[in-house]
Amino acid sequence: MLQSWLVILLSFGYIGLLFAIAWHADQRAGGARSLISHPMVYSLSLAVYATAWTFYGSVGRAAHDGVGFLPIYIGPTLMVLLGWFVLRKMIRVAKVARITSLADFVASRYGKSALVGALVTVIAVIGILPYISLQLKAVASSFQILLQYPEVVVPQKAASLPFLDVTAFYVAMFMALFAIAFGTRHLDVGERHEGLVAAIAFESLVKLVAFVAVGVYVTFVLYAGPGDIFGRAAAQPGLSRLMKPFAAEGALANWVWMTVLSMFAILFLPRQFQVAVIENVDERHVKTAVWAFPLYMLAINVFVLPIALGGLLAFPQGVDPDSFVLTLPMAHHSEAITLLVFVGGISAATGMVIVETVALSTMVCNHLVLPLVLRLRRDGRAISGDYTRFLLTVRRGAIVAILLLGYFYFVAAGEAYALVSIGLISFAAVAQLAPAFLLGLYWKGGTRNGAVAALATGFAIWLYTLLLPAFARSGWSGMQLVANGPFGIELLKPTALFGLAGLDPITHAMIWSMIGNLAAYLGVSLAGRPGAVELAQANLFVDVFRQAGERPPSWRSTTSAAALQSLLGRFLGEARAAELLRAYALARGHKSTQGLVPGADLLHFAELQLAGTIGAASAHAMVATVAQEEPLDIDQVMTIIDEASHVLAYSRELEDKQRELESATTSLKAANEQLKELDRLKDDFISTVTHELRTPLTSIRAFSEILHDNPDLDPADRQRFLALVIKESERLTRLINQVLDLAKLESGLAEWHTAELDLREIVCDAVSATSQIFKTRGVSIDAQLPDRTPRILADRDRVMQVMLNLLSNAVKFCAEGRGRVRVRLAEEPGALRVEVEDNGIGIDPEHQALIFEKFRQVGDTLTDKPAGTGLGLAICREIVARLGGRLWVRSRPGEGSVFSFTVPLRVAAAARPAPATAQDA
Amino acid sequence: MERGRRGQGFVALFMLGCLLFNYPLLEIFERPVTVVGVPLVYAYLFGAWALLIAAAAWIARRMD
């Protein structure tokens with residue numbers, strides 16, 4: 001038999017054990033042997049996420065729709081995978097800025113705004129009430145069920161159990177006592193509670209062991225393994241639908257939204273923030289938690305379905321599925337398992353309630369009560385008296401009040417819903433923090449007004465679409481409104497807003513509240529601009545990993561060290577305050593606090609210490625009351641504004657510089673490529689030139705040696721050889737001259753003597769200059785010139801050089817005796833064109849482009865004697881290009897070639913306004 | 001630098017998880033097939049979950 005005294009004794013014995021663990025951990029706190037400095041303890045403390053909802057409610061949810069319980073744990077698994085980035089950043093920020101709670105975090109991000117802090121606190125407290133009522137309901141029901149042992153008396157409506165309300169009330173009050181004893185025995189600096197964390201980690205172990213024990217018992221003792229249970233359930237017509245959980249309408253949409261909701265919950269439930277961020281002792285612990293915490297959740301969920309199906313098989317009706325964990329071992333008279341489950345359930349519920357209420361009470365105290373008190377005291381009177389007692393009293397009062405409110409919620413609405421549905425309402429409430437929190441952590445553009453708008457909008461939609469229907473459903477109020485919409489407007493029905501029907505109420509509320517929340521945050525943030533403090537805090541939060549060391553102090557006033565010590569003393573206790581200031585003085589090389597220079601640094605230090613206890617917003621306000629504010633004159637205001645705008649201008653400048661650098665890099669790369677190509681061309685050129693120089697040199701040397709070695713050479717031969725030496729020397733000279741000429745032209749160093757010229761004269765001069773060669777080779781030449789042409793601007797010698805070159809080429813490639821060369825000059829739009837036509841051997845089409853390159857000579861170089869240097873046409877093309885014209889060839893092998901070039905009329909003058917001073921004759 | 005790069009494995013796992021526990025994979029695995037007596041969709045859900053955890057533990061270990 002399980003007597004009620006036995007159950008009560010067991011409960012208190014267990015709580016006593018928890019106190020012992022907490023006390024032991026507190027004794028070792030802070031030291032190297034600290035109990036909670038192990039990553040596994042951190043991971044287990046995160047498992048405070050698994051509450052009575054997990055312990056009893058998961059089975060209930062699984063019995064209802066098969067998989068509905070899973071996203072609640074898969075969402076956090078996914079979010080924790082990002083923990084190395086997101087959670088670690090939160091921890092780092094909280095350490096740097098001395099954050100004490102969730103509300104403090106958000107308020108600090110938005111310029112230490114008291115309004116934001118208060119808003120987050122209100123949302124958290126009201127939002128979490130259903131969740132706390134859930135724990136009360138679960139513990140009270142389990143206690144009542146247990147007292148009926150061995151009879152299983154659990155009607156669908158748990159409310160019809162005798163004295164359930166009364167039991168729940170006692171449970172609430174006992175839990176308040178535990179929370180006060182655990183969390184508010186004394187004021188901890190930085191809101192760290194090592195003993196509490198150790199106890200929570202232990203509770204996590206207990207509930208896991210208890211749940212796995214009952215899971216193994218049901219699966220392998222009552223049934224023959226999971227296959228047996230699933231097989232029997234599939235055979236039941238009423239249960240086979242649970243084998244196809246995603247087939248139901250909207251099941252997948254609900255699944256996805258529940259996952260998203262739970263992802264937010266693992267970060268933004270006040271108790272999760274407390275254990276994961278505030279109580280974290282070493283951010284490297286996150287690395288272990290990334291897999292250990294999901295593993296915990298997997299382990300505690302493996303047996304949920306077998307228990308749910310086992311329960312449904314064992315109790316076809318009449319038993320609330322939320323109680324299967326307890327009623328299955330009860331029905332089989334397994335007292336040990338039953339008691340273990342009961343203790344596990346207490347563990348799950350007390351862990352959650354203690355951490356949640358401690359976290360909430362800190363928020364209520366620092367962000368609702370203290371600002372009010374400060375406001376009331378603003379009217380000139382200095383703050384007096386010891387505030388440590390006051391703070392503790394406020395927090396204890398807040399814990400009792402929160403649990404009482406949770407109890408009232410349970411009485412008013414809790415009985416209409418299953419455990420999981422109640423908890424999800426709370427999840428949806430804290431999810432409203434997600435946009436302001438997460439975007440604020442990664443985007444500097446979010447403003448205080450944007451955060452306020454987002455929180456208010458999201459919370460209002462949550463109230464309307466979730467809390468109101470919850471109350472209405474329990475027949476409390478607003479039934480008419482929920483059924484027909486306000487003033488009978490169907491479109492505004494809270495559970496089917498704008499006609500969005502067919503979804504789970506939670507999914508429905510999440511969709512609308514997230515749309516409104518996000519739109520308000522982005523819209524208001526983008527419409528306004530952040531103030532100087534907001535900007536500074538935004539930088540601190542977003543760039544926390546890039547900063548080293550402390551923030552620059554923001555104080556512009558002074559106060560005495562004694563005044564600060566007395567202020568600190570009121571909140572931290574006299575002894576603690578004196579100790580802190582002494583340590584501060586020693587660190588700065590003073591013997592005592594007397595030596596401290598009152599100034600911005602000291603004020604900043606005091607603010608940080610206070611922030612560790614009462615939150616950033618309140619600490620700022622408190623220090624302001626004792627700081628002798630030096631009135632800001634217009635110069636100082638201008639300086640502050642200047643600093644702010646400098647920061648903005650500087651960051652803009654940085655962006656510009658970066659862009660410039662990028663484009664400079666690109667053009668440098670291109671230039672480098674070009675240089676490499678030029679370098680290669682230069683190498684080619686040099687090797688070709690040396691090759692060309694060697695040919696005449698070799699002949700000169702050969703003939704000279706013959707002459708030298710054979711003094712008795714026949715005079716005729718000697719004469720012939722000498723002539724060859726002279727000819728080759730001339731060729732060498734010509735080659736060198738031309739190489740120099742080309743180099744000059746290409747580098748732009750060549751001198752140009754531009755003058756107005758008549759092109760007909762140059763053509764005539766060139767023809768008469770070459771007439772001797774033509775005669776010698778028996779080639780006829782005639783020139784067709786118009787009567788008059790416009791004068792051009794050019795260098796006479798250069799144009800002459802081109803003409804001579806073309807004419808000598810023409811005669812060179814004509815057959816001796818029957819060659820004919822024609823020179824034509826014609827005017828075309830904007831230019832004069834000169835053509836030199838021959839009837840020589842012609843040029844292959846594939847060679848026509850090559851002949852203009854350096855050292856390209858067409859023809860068989862092995863048999864033909866080289867007829868030129870191979871630079872003439874390259875020089876010509878260079879000259880014509882410089883004049884602004886074009887040089888090209890048309891040719892057919894065997895029929896002759898036509899070389900043409902143009903000289904622009906006006907363009908030459910306009911594009912090259914070279915000084916026409918040094919004129920040639 | 002090296003640590004930061006390795007941490008990115010977690011982001012990849014997160015994305016993989018978002019795909020695994022989503023439409024259409026969930027629907028694909030909802031078949032009248034059992035694995036050791038357990039419906040395929042449940043075996044898949046817990047199997048994929050365990051896989052993610054194992055991969056996360058492996059990445060965390062490599063970061064040491």
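Which handedness does the crossing of H4(A) and H11(A) have? The crossing is right-handed, a label given when the near helix is turned clockwise from the far one by less than a right angle.

## Model and numbering

This is a predicted model; local features need pLDDT of at least 70, side-chain atom pairs count only at pLDDT 80 or more, and totals for chains, interfaces and linings use all residues. Residues are numbered from 1 along each chain as its sequence is written, with chains lettered from A and ligands numbered from 1 in the order in which they are written.

## Chain A overall

Chain A holds 33 helices and seven strands. These are DSSP runs, numbered from the N terminus: helices are H or I of at least four residues, strands E of at least two. Of its 921 residues, 45% are buried (20 or more other C-beta atoms within 10 Å of a residue's own, C-beta atoms being placed from the backbone).

## H4 against H11

Helix H4 (residues 71-81) and helix H11 (residues 251-268) of chain A pack at about 55 degrees, with axes 7 Å apart.

The contact residues divide into 14 nonpolar, three polar and no charged.

## Helix H5

Helix H5 (residues 86-97) of chain A has twelve residues. Its buried residues include A:Leu87, A:Arg88 and A:Ile91. Just after H5(A), A:Arg98 takes a positive phi of about 55 degrees.

Terms used:
Axes are lines fitted to C-alpha atoms, for helices over the stretch in contact, and angles run from 0 to 180 degrees between N-to-C directions. Ala, Val, Leu, Ile, Met, Phe, Trp, Tyr, Cys and Pro count as nonpolar, Asp, Glu, Lys and Arg as charged, and the others, Gly among them, as polar. A residue is buried if 20 or more other C-beta atoms lie within 10 Å of its own, exposed if 12 or fewer, and partly exposed in between; C-beta atoms are placed from the backbone. The expected span of a helix is 1.5 Å times one less than its number of residues.
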